[in-house]
Each structure stands twice: as structure tokens, then as C-alpha cells.
Amino acid sequence: MLVASLGLKARSSDASSQPREQPGDTALLGALSAGGFAISTKDGLESPTWVADKGDCHIEVTTVTPLGWHQSAMADRAGNQNLAYVYAGHVYEHQPVMLTKMDYYWHKLANYFYLAGQPPPVFGVVSSANCTAQSVGTDLIARLLL
């Protein structure tokens with residue numbers, strides 16, 4: 001029994017249990033590229049940060065932990081720009097930590113019983129105020145991240 005218990009713990013305690021979804025795996029980058037945005041990457045918090053620039057519109061999208069560890073880092077990164085979180089197709093002004101934690105731990109528990117699935121990734125989106133003038137708001141970004 002002890003061996004089986006340790007085996008299950010070792011299987012589920014690795015870093016791969018955290019969602020590693022990247023913005024590049026979605027329609028977002030294709031839509032922004034088609035809209036004339038220059039796309040690049042830079043070091044992110046959980047995965048690479050995707051950066052889109054077009055004129056005075058600057059957008060950064062990065063994956064953050066569902067446990068809420070990156071909130072202050074995202075606030076620092078945003079500075080005086082707009083900061084939003086996208087989770088499960090919804091846009092939040094602040095990361096919905098209780099919701100993302102509960103979903104994360106629910107999926108972790110389900111994985112103990114070999115029920116497949118990962119919780120939806122949590123994206124932090126930093127955008128300049130000029131992006132809404134170009135019709136690129138966080139609602140559009142959220143739809144494209146689905």
C-alpha cells in the first residue's frame with residue numbers, strides 16, 4: 001500500500017501538473033498577425049510571453065499560475081497599462097484566485113483517479129490604452145484564447 005501511495009504521489013507531484021498552455025497554441029497570434037501586428041516573444045513567468053506591437057498598441061500575453069503567485073509580478077509588468085486576466089473565456093480585472101485554485105486542485109484530485117484533463121490555463125494580458133482604439137480589447141483577446 002505504501003509503495004502504491006508513493007507512486008501516485010510521485011506521478012502527480014511533478015511540475016507538469018501545472019497547465020503549460022501557451023498563447024501561441026491559439027488563434028490569437030494568427031489573428032493579430034493578420035491584423036498587421038508584429039509578433040515576438042520574451043521571457044515570461046510560466047512560459048514565453050507573446051508580444052504584439054502595432055503603432056502605439058502594445059499587447060503582452062503570458063501564462064500565469066492558477067495559484068495566484070504571479071499577481072504582483074504582473075502588476076509590476078503592467079505599470080500604468082491595462083492589466084486583465086483571461087480564464088475559461090472570461091475576462092477579469094483581478095485574477096480570480098479562488099476559482100482558479102479550486103479548479104486546479106479539483107483537476108489534481110481527478111488525476112489521482114486517472115481521470116484525464118487539465119484545468120483551463122490562466123493568461124495575464126497587459127495592453128496599452130491605445131489598443132481599444134484599434135478594436136483590440138481584452139474581450140477580443142479572450143475570445144481568441146479559447
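Modeller: This is a predicted model. By the salt-bridge rule, the count comes to 2.

Colleague: What makes E60 and K42 a salt bridge?

Modeller: The cut-off is 4 Å between a side-chain nitrogen of Lys or Arg and a carboxyl oxygen of Asp or Glu. For E60 and K42 the N to O distance is 3.1 Å. That is within 4 Å, so the pair counts. E60 sits in strand β3 and K42 in strand β1, 18 residues apart.

Colleague: How do you know that R77 forms a salt bridge with E60?

Modeller: Their closest N and O atoms are 3.9 Å apart. The limit is 4 Å, so this pair counts too. R77 lies in helix α3 and E60 in strand β3, so the pair ties together parts 17 residues apart in sequence. K42, E60 and R77 are linked in a network of salt bridges.

Colleague: Why is E60 called buried?

Modeller: Its relative accessible area is 7%. Buried means under 20%, so E60 qualifies.

Colleague: And why is R77 called partly exposed?

Modeller: R77 has 24% relative accessibility. That falls between 20% and 50%, so R77 is partly exposed.

Colleague: What makes the Y104 and Y105 pair edge-to-face?

Modeller: The planes are 70 degrees apart. A search of the whole structure finds 1 aromatic pair.

Methods: Residues numbered from 1 in each chain as written. Predicted model: local features only at pLDDT ≥ 70, side-chain atom pairs only at ≥ 80, totals over all residues. Heavy atoms only, no water. Phe/Tyr/Trp six-rings, centres within 6.5 Å; stacked < 30°, edge-to-face > 60°. Helix = DSSP H or I, 4+ residues; strand = E, 2+ residues; numbered from the N terminus. Buried < 20%, exposed > 50% of the residue type's maximum accessible area, 1.4 Å probe, protein only.
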